[in-house]
Amino acid sequence: VNGVPLRRVNQRFCIATSTKVDLTGADYGSVSDAYFARVATKKAKKDESGFFAAEGEKTGISEEKKAGQKKMDEPVVKGLGADHKAYLKARFSLSAKMYPHELKF
């Protein structure tokens, strides 16, 4: 929707709104704790040659998760109006004396 991948977020970083989105037909049964788990990698012992070596390869998001992301975004995008899509794409910031708990979305 707004270019952010599906990920687990602490409730402390969320702002509750009164906006309702129709998600009929959406299936999020495949999302569980295992979906968010990281792949365990074995770390090698540190030594002098490893200190100066180039960093290891960075692993990006797998193709399976990218396809799953698109599949899960479709019902959300269908349930949003044009004004909500524009709002989600905009950068959010608070100005002086703006308090998140006093805002009405």
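The exercises below work through the secondary structure, surface and side-chain pairs of a predicted model.

Residues are numbered from 1 along each chain as its sequence is written. Local features need pLDDT of at least 70 and side-chain atom pairs count only at pLDDT 80 or more, while totals for chains, interfaces and linings use all residues; side-chain values use heavy atoms, without hydrogens and water.

**Exercise 1. Determine how many helices and strands the chain has, and in what order its elements run.**

Step 1. Helices (H or I, at least four residues) and strands (E, at least two) are taken as DSSP runs, numbered from the N terminus.
Step 2. On that basis the chain has four helices and zero strands.
Step 3. Read from the N terminus on, the order is α-α-α-α.
Step 4. With contact meaning heavy atoms within 4.5 Å, take the contacts between residues at least 6 apart in sequence: 86% of them join residues at least 24 apart.

**Exercise 2. Describe the accessible surface of the chain and find what share of the residues is buried.**

Step 1. Accessible areas come from the Shrake-Rupley method with a 1.4 Å probe, and for residues only the protein chains shown count as cover.
Step 2. The accessible surface of the chain is about 10100 Å², and carbon and sulfur atoms hold 54% of this.
Step 3. Buried means under 20% relative accessible area, exposed over 50%, and partly exposed in between (1.4 Å probe, protein chains only).
Step 4. Of the 105 residues in the chain, 6% are buried.

**Exercise 3. Find which residues form the nonpolar patch on the surface.**

Step 1. Patches are made of residues with over 30% relative accessible area and no salt bridge; like charges are joined within 9 Å, and nonpolar side chains (Val, Leu, Ile, Met, Phe, Trp, Tyr) within 5 Å.
Step 2. The patch consists of Ile15, Tyr87, Leu88, Phe92, Leu94 and Met98, with about 500 Å² of accessible area together.
Step 3. One of these, Leu88, lies in helix H4 (residues 82–89) and is partly exposed, at a relative accessible area of 32%.
Step 4. In the segment after H4 there is also Lys97, which is exposed at 75% relative accessibility. The phi of Lys97 is near 60°, a positive value in a residue other than glycine.

**Exercise 4. Classify the aromatic pair and find which charge sits over the ring of Tyr35.**

Step 1. Rings of Phe, Tyr and Trp (its six-membered ring) pair if their centres lie within 6.5 Å; planes under 30 degrees apart count as stacked, over 60 as edge-to-face and the rest as tilted.
Step 2. The count by this rule is one aromatic pair. The ring centres of Tyr35 and Phe36 are 5.4 Å apart and the planes stand at 85°, so the pair is edge-to-face.
Step 3. Tyr35 is buried at 16% relative accessibility, and Phe36 is partly exposed at 26%.
Step 4. A charge sits over a ring if NZ of Lys or CZ of Arg is within 6 Å of the ring centre and within 35 degrees of the ring normal. The charged end of Lys65 sits over the ring of Tyr35, 4.9 Å from its centre.

Key. A salt bridge is a side-chain nitrogen of Lys or Arg within 4 Å of a carboxyl oxygen of Asp or Glu.
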